[in-house]
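Reader: Please show me how to read this structure. Where do we start?

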Amino acid sequence: MRIVFAGTPEPAVPSLQRFIDSERHEVLAVLTRPDAIAGRGRKVQRSPVGRLADEHGIPVLTPRRPAEPEFIERLTELAPDCCPVVAYGALLPQQVLDIPRFGWINLHFSLLPAWRGAAPVQAAIDAGDEITGASTFQIEAGLDTGPVFGVVTEKIAVTDTAGALLDRLAKTGAVLLEKTLDGVEDGTLQAVPQVQDGVSYAPKVPVEAGHIRWDQPALAINRRIRSVTPAPGAWTEVNGTRLKVGPVEMVEEVLPERTIEVRKSGVFVGTATTAVRLDQVQPQGKRMMSALDWARGARLQAGAVVE
């Protein structure tokens, strides 16, 4: 099958790699978001998908909007049979959806119709779901509403961060996406409309969502921190300075809410229920470090609190 692959971030890379390695499918070009300023050096960088395409000499298309006439003309010239999509990051107009004869097939990291939207993995962890997965579906005008071709399931471990879970789903989902295109081309796979029950939404997670609410139960805090790790990241404030917080450990002891207690065994913070022990933290302008090393250097006064 002749394809144009659409994707942008790191979780899309395993899928593109499978198509590059495939003897059955030919990658005509890659569609990805335009180069953007990123990283500590604030330099213009190619997307992870774009970099992989460059390494293999595959043409890279980076329209600011997929509705641009120049892009539509180029895609028409390429005449792909199908366009697989993994986290491309922009809405596709109907004129573009109509170009490939098998349409656009999306790999989405949830068990649809649960967690439609931009951040399904983060939402699943934050909600305390025990099982999630990935789905392939035919893209249509609605938000992740198209009929589903296939799914894979994945158990959510109690220690999973969004990053760790997404890494696993990216790999298993890549296999699912390739098999979906195989079945579509062979005519052995038909998409099934999504059920109307169980629909939920997972909008993009803003930086503000990472602000830890210490007046919540320890379990809710634990889930929220894991759901925003590594991005956009969980954070709190101590003495007016922002402190990034990595995943925490729940303990049985009860401490006054928001109070920090430093011991030889670690740094503990009180919540609405039992306390949590901090593991890794990152002060502003510094690298991640153990919470105990940070606390020793911060010279916290007795009764210090997090905000």
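**The C-terminal domain and its sheet**

Author: Over residues 207-298 the chain is 20% helix and 32% strand, with 24 Å between the end C-alpha atoms. Helices (H or I, at least four residues) and strands (E, at least two) are DSSP runs, numbered from the N terminus. UniProt lists this stretch, in an unreviewed entry, as "domain: Formyl transferase C-terminal". This is a predicted model: local features need pLDDT of at least 70, side-chain atom pairs count only at pLDDT 80 or more, and totals for chains, interfaces and linings use all residues. Residues are numbered from 1 along each chain as its sequence is written, and side-chain values use heavy atoms, leaving out hydrogens and water.

Reader: Which order do the strands of the open sheet have?

Author: Strands pair if DSSP finds at least two bridges between them. Here four strands run S12-S15-S14-S13, paired antiparallel. Strands S12 (249-250) and S13 (260-263) are the edges, each pairing on one side only. Two bridges join S12 to S15 (residues 276-278). Met250 stands opposite Val276 in S15.

Reader: What packs on the sheet?

Author: Contact means heavy atoms within 4.5 Å. Helix H8 (residues 291-298) touches S13, S14 (266-269) and S15.

Reader: Which residue classes line the largest pocket?

Author: Ala, Val, Leu, Ile, Met, Phe, Trp, Tyr, Cys and Pro count as nonpolar, Asp, Glu, Lys and Arg as charged, and the others, Gly among them, as polar. The lining has 31 nonpolar, 10 polar and nine charged residues.

Reader: Which helix gives the largest share of that lining?

Author: H6 does, with six residues. Helix H6 spans 162-186.

Methods:
UniProt positions are given in the numbering used here, feature names are shortened, and annotations may be inferred rather than shown by experiment. Axes are lines fitted to C-alpha atoms, for helices over the stretch in contact, and angles run from 0 to 180 degrees between N-to-C directions.
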